[in-house]
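Subject: Structure for your review

Dear colleague,

Please find below the structure that I am handing over to you.

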Amino acid sequence: MLGNDSLSGEWESTEFFMANAMVIGAGGVGSVIGQRLHEYDCFDRIVLADMDPTFARKLAERTPKSRFVIVQANAMDTDQLTALMKEHHVKVTCNACVCQTNHSVMEACVRAGSHYLDMAADIYAPPGVKKQNKNSYETEIELFNERFLEKDLAGILCMGMDPGAVNVFARWAMDRLDTASSIRVLDADNAEVRGYRFAVLFSPETFFEELGAPPYYVRDGRVVSGKPLETEVEWVRFPEPIGLQKTYAVAHEEGVSLGIHPPFVEKGVRYSVFKYSVPDKVVNISKTLQLLNLDSWKKIRVDGVEVAPVRVASASLPKPAQLGATVDGFSCVGTEVRGTKDRKRVEYFVYSMDSHRETYEKYGYSLTLVQTGIPPALTARLLVTGKIPERGVMMPEALDPEELMANFSREGLPIFVEKREVERL
């Protein structure tokens, strides 16, 4: 089981009524979220909704005294989702589908009166850039913030691991500094997957789209872009046993959002970026897909059938939910914030690090899925128990980080803090 049963209701208060939750998309991450929500005493029923409820049924079958409700639903069908949320009195909804569903699920949440959480938005597109079906995080805030405020609801965007927990790490460190100059989100993995020539530990479609998209980041206080897998290339030393890794600026929401968040800008932040360690083999695969235009969601017609190229490129890859038992190695995901405190130069590196094999043996899911699933599940609990009072649509750095940081490690997401001070004698 995911987490420690002894902690499930440790700080829950009986003054809070039992709430119902919904998880849309019961794949790997959705299953982790659902399992975790089931362990919380504050939830009565957990609705698992998916076009193909196979994984949802498997989770329900192996869960003692299951409180799961399994429904077949289309995440793009707002009317259907609204009806389901109202029927089951859903208080909080976790959207674990691809980001193309965000608008339809958010619309259903507004209509039904449910808090909303997701783990990713579309690739950032700067103001003035035309993009079909644009649903990057800033567009979602623009379209839905006022409506969520009117309904006294919270819509917390990109609340997975990265983006998500790393944004909370940034806010926690920023709150401890007088001034700040830069924020780097750093992600490295030395995983080896046995039995497959190539495998991706999270959504392959998202993975290929991110690596093939222009990386937007903040430099000198301005949002700038670069070339995929050619920008901000840097060797970074991660904690052992990962060590020195070659990293690239990659398209990620937090690479921009952290650098333009007004309170951070007021403290002096002029640079923010997301950097990912990418092996040479993966760089070559990604560049090949880019060259062939196979990393796109824009549908093309093949033999009379319309298909998204990125879905074709990913179709024969193993499902991330099936990989847990085959993965060895470690993952480190963290946020480095540089600034000053009491006129000393201070650098924080707040990170989570764990073993793929040990995580699978403990929880039954791969580390990547567990890392991504714990933050939204914990946030859902804090929302319905009144520990998160913020309302409106926002990125995670807009939240007070203290409750989240106090609970991450005991929820199964081990957090470490390295602090370095430089003082002139």
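This is a predicted model: local features need pLDDT of at least 70, side-chain atom pairs count only at pLDDT 80 or more; totals for chains, interfaces and linings use all residues.

Residues are numbered from 1 along each chain as its sequence is written, and side-chain values use heavy atoms, leaving out hydrogens and water.

Nonpolar cores

A nonpolar core is a set of buried Ala, Val, Leu, Ile, Met, Phe, Trp, Tyr and Cys residues joined through side-chain atoms within 4.5 Å. Buried means under 20% relative accessible area, exposed over 50%, and partly exposed in between, with a 1.4 Å probe and protein chains only. The largest such core holds 80 residues, and Leu37, Phe43, Phe169 and Phe408 have the most contacts inside it. Helix 13 (residues 367–384) is the main contributor, giving 9 residues; helices (H or I, at least four residues) and strands (E, at least two) are DSSP runs numbered from the N terminus. A separate, second core has 29 residues, among them Met22, Met85, Cys109 and Phe148. In soluble globular proteins, nonpolar side chains tend to be buried together.

Asp187 belongs to strand 7 (residues 179–189). Asp187 is buried but has no salt bridge, and the nearest side chain of opposite charge, Arg184, is 14 Å away. Here Lys and Arg count as positive and Asp and Glu as negative, whereas His and the chain ends are not counted.

Salt bridges

A salt bridge is a side-chain nitrogen of Lys or Arg within 4 Å of a carboxyl oxygen of Asp or Glu. By this rule there are 26 salt bridges. Which side chain meets Arg184 in a salt bridge at 2.8 Å, N to O? One such partner is Glu336. Glu336 lies in strand 17 and Arg184 in strand 7, so this pair ties together parts 152 residues apart in sequence. Both Glu336 and Arg184 are buried. Glu234 also forms a salt bridge with Arg184, with the closest N and O atoms 2.8 Å apart. Through shared partners, salt bridges join Arg184, Arg219, Glu232, Glu234, Lys275, Glu336, Arg338 and Glu347 into one network. Finally, Lys341 forms a salt bridge with Asp178, the closest N and O atoms being 3.5 Å apart.

Yours sincerely
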